[in-house]
Amino acid sequence: MNRSDVILELQLVPELLKQAEAIYVDAVSELSWAKHELLAKECEVIGDGVVTGKNEQQRQAEMWPYTKDLQQQVLRMEDAVEHTKVEFHFYKRKLENLQIIAKLMTIL
């Protein structure tokens, strides 16, 4: 990697990092809304008197048909958050490494 490559990468990577961070923040926000929607549905089901179980397992079993799709959506969004986090951290480490390389090139 020569100086011009490092300079070019130092110019490009911050924008890629910004984009990855925005995608990550959006994914976290969508996950929060999905969890809110799931909680609202659970409250609705409980409020309607559908759930009457005496223990937690019975209550979950009674609630499952009403919340299954939302629970699956939350799980998918949790996976998406983790994937976007990987991308964000990749560009963050890449920028840090490029900055170190640039500093070392000035020393040599």
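Predicted model: local features only at pLDDT ≥ 70, side-chain atom pairs only at ≥ 80, totals over all residues.
At what angle do helix H1 and helix H2 pack, and how far apart are their axes?

Residues are numbered from 1 along each chain as its sequence is written, and side-chain values use heavy atoms, with hydrogens and water left out.

Let me begin with the overall form. The protein chain has 2 helices and 0 strands; helices (H or I, at least four residues) and strands (E, at least two) are DSSP runs, numbered from the N terminus. The C-alpha trace spans about 75 × 20 × 15 Å along its principal axes. The chain has a radius of gyration of 23 Å, whereas a compact globule of 108 residues would have one near 13 Å. That radius is taken over C-alpha atoms, and the globule rule is 2.2 Å times the number of residues to the power 0.38. Of the 108 residues, 23% count as buried. Here, buried means under 20% relative accessible area, exposed means over 50%, and partly exposed lies in between (1.4 Å probe, protein chains only).

I return to the opening question. Helix H1 covers residues 3–47 and helix H2 residues 56–107; they pack at an angle of about 160°, with their axes 7 Å apart. Axes are lines fitted to C-alpha atoms, for helices over the stretch in contact, and angles run from 0 to 180 degrees between N-to-C directions. H1 and H2 are therefore roughly antiparallel to each other, a label for angles over 145 degrees, while those under 35 count as roughly parallel, 65 to 115 as roughly perpendicular and the rest as oblique. By class, the contact of H1 with H2 has 29 nonpolar, 6 polar and 13 charged residues. Ala, Val, Leu, Ile, Met, Phe, Trp, Tyr, Cys and Pro count as nonpolar, Asp, Glu, Lys and Arg as charged, and the others, Gly among them, as polar.

Val 13 is in helix H1 and, at 0% relative accessibility, counts as buried. In helix H2 we find Thr 67, which is buried at 0% relative accessibility.

Which aromatic pairs does the structure hold? There are 2. Rings of Phe, Tyr and Trp (its six-membered ring) pair if their centres lie within 6.5 Å; planes under 30 degrees apart count as stacked, over 60 as edge-to-face and the rest as tilted. Tyr 24 is partly exposed at 23% relative accessibility, whereas Phe 88 is buried at 13%. Phe 90 and Tyr 91 have ring centres 5.1 Å apart and planes at 70°, so the pair is edge-to-face. Phe 90 is partly exposed at 40%, and Tyr 91 is buried at 15%.
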